[in-house]
Amino acid sequence: MILFLSAAFFALAAGQAAVRAEAPVPAALGTSPAVNSVRLGDHGKSTRFVIELAQPVKHKTFTLADPYRVVIDLPEVEFNLPQSAGQDGRGFIKGYRYGLFQAGQSRIVIDTTVPVAISKDFALDPQSGFGYRIVLDLTETTRSAFLQGREWPAQPTVKPPVQTPVPVQPAHDTKRVVVIDPGHGGVDPGTHGSTGVQEKDVVLAFAKELHRQLAATGRYHVRLTRDTDRFIPLRQRVAIARQHKADLFISIHADAVGKGNVRGMSVYTLSETSSDKEAAELARKENLSDVIAGVDLYGEPGEVTDILIDLAQRETKNFSANFARKVVDYAGKSTKLLQRTHRFAGFRVLKAPDVPSVLVELGFLTNRSDEKNLMSAAWRTKVAGSLVRAVDSYFGDRYAEGVYAGPAQ
Ligand SMILES: [Zn+2]
């Protein structure tokens with residue numbers, strides 16, 4: 001007997017088979033094909049992964065190592081799945097994630113407990129009450145066979161997002177450029193709270209509010225690295241900041257820890273040496289974003305150790321730390337802070353050598369009060385307002401230092 005996760009669904013589907021029309025329900029015009037269910041089956045020697053769709057779609061599968069992952073690429077689809085989908089595993093499957101990877105492309109990333117081979121990979125037409133299905137059978141293999149098997153599926157390259165051209169600022173334009181970076185997105189949900197609310201959604205809502213308030217001052221050009229639910233690799237977020245010649249880069253996140261009583265906002269700046277164990281662990285988790293989205297980091301260039309970049313980084317680090325202190329001062333007046341609010345660690349998203357960058361963890365989704373705040377529009381308005389004052393104060397100091405000369409003569 002096959003053990004399916006959604007046994008109730010199966011019973012229902014079987015019961016309905018007799019009365020359900022043979023033809024699949026056509027998807028509404030103009031909408032993406034929809035994934036209506038995902039089922040896992042433990043067959044002992046193999047684990048079956050079934051995706052059920054309202055329409056037939058072409059798919060591609062490949063595997064990635066360290067950690068072991070199976071990736072299924074689909075055209076852009078809607079996922080009509082329960083919020084908890086993918087959090088539990090079965091057989092060789094630890095869990096899975098799904099979402100938009102890039103424009104026109106959705107992705108499912110399966111984490112496996114052992115190196116696996118895709119022993120079967122086929123599509124089925126609607127039959128016996130089921131819709132269109134994509135079926136994968138995963139069987140255990142050795143690490144060396146797994147690594148060899150990686151050669152046949154081509155790794156898709158991450159295409160850069162279509163950027164709106166950066167308008168050339170007139171010479172008298174003294175507006176500073178602030179790039180706001182809502183963390184995670186698409187196939188990378190980030191952390192989640194007890195109600196199932198996801199980090200990628202709450203940080204996007206906050207980033208949009210901060211964008212609105214900063215732009216409303218008329219003092220800044222404000223850009224977002226993403227304004228929809230899509231994935232952006234970490235390196236690309238840094239590249240977007242540099243492309244816009246950002247004067248300040250603010251990455252927005254929310255944390256989660258085992259202890260429900262830990263709460264409050266914290267601010268992080270880049271350092272090779274972490275200020276404490278928690279900061280190091282947080283940076284490790286946040287740096288996993290690309291791995292979670294099924295990006296192959298194999299062959300990525302290592303850290304740049306160029307001496308000039310190092311020097312520029314040192315100056316940038318001081319400015320980043322100055323801004324972090326402003327955030328602590330101003331946000332402390334509007335919301336609860338984590339103790340030792342400003343911390344340091346090796347966050348990959350903060351590595352632009354010439355852009356002062358901070359990462360703000362708005363609070364903990366694992367804490368009831370913080371979770372409530374993060375979902376409250378009133379809280380977002382208040383705290384974004386305090387960040388605007390921190391940005392104003394930071395640039396005010398830099399003007400006073402003569403860093404910005406003011407309007408051109
Ligand atoms: Zn995050």
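## Zinc site

H184 is buried, with a relative accessible area of 6%, and H253 is buried too, at 5%. Buried here means under 20% relative accessible area, with exposed being over 50% and partly exposed in between, using a 1.4 Å probe and protein chains only. Keep in mind that this is a predicted model, where local features need pLDDT of at least 70, side-chain atom pairs count only at pLDDT 80 or more, and totals for chains, interfaces and linings use all residues. Residues are numbered from 1 along each chain as its sequence is written, and side-chain values use heavy atoms, with hydrogens and water left out.

Both histidines hold on to a zinc ion: its protein donors are H184 (NE2), E199 (OE), H253 (ND1), E286 (OE) and E286 (OE), at 2.0 to 2.3 Å. Donors are N, O and S atoms within 2.8 Å of the metal (3.2 Å for Na, K and Ca), and sites may look incomplete because water is not among the atoms. Along the chain, the donors follow the spacing H-x14-E-x53-H-x32-E. H184 sits in the loop between β11 and α3 (199-216), while H253 belongs to strand β13, so the pair links distant parts of the chain, 69 residues apart. Helices (H or I, at least four residues) and strands (E, at least two) are DSSP runs, numbered from the N terminus.

## The six-stranded sheet

Strand β13 also takes its place in an open sheet of six strands with mixed pairing, in the order β12-β11-β13-β16-β14-β15. Strands count as paired if DSSP finds at least two bridges between them. At the edges are β12 (220-224) and β15 (337-345), each pairing on one side only. From one strand to the next, the twist averages 20 degrees. Take β11 (residues 176-182) and β12 as an example: they pair in the parallel sense over five bridges, and R176 stands opposite Y220 in β12.

Helix α5 (residues 277-287) lies across β13 (248-255), β14 (265-270), β15 and β16 (357-364), at about 65 degrees to β15. Contact means heavy atoms within 4.5 Å. Axes are lines fitted to C-alpha atoms, for helices over the stretch in contact, and angles run from 0 to 180 degrees between N-to-C directions.

## Enclosed strands

What about β10 (residues 132-140)? Seven of its nine residues are buried, so this strand is largely enclosed by the rest of the structure. Strand β3 (residues 46-53) runs antiparallel to β10 and is joined to it by eight bridges, with F49 partnering L136. Strand β9 (residues 116-124) also pairs with β10 in the antiparallel sense over eight bridges, and here A123 has I134 as its bridge partner.

Strand β7 (residues 93-102) is largely enclosed as well, since eight of its ten residues are buried. Eight bridges join β7 to the antiparallel strand β8 (residues 105-112), and R97 finds its bridge partner in V109. The hairpin of β7 and β8 has two residues between the strands, and G104 takes a positive phi near 85 degrees there.

## Two crossing helices

Helix α9 (residues 377-400) meets α3, their axes coming within 9 Å and crossing at roughly 50 degrees. That makes the two helices oblique to each other, since angles under 35 degrees count as roughly parallel, over 145 as roughly antiparallel, 65 to 115 as roughly perpendicular and the rest as oblique. The residues in contact include F206 and L210 of α3, along with W379 and L387 of α9.
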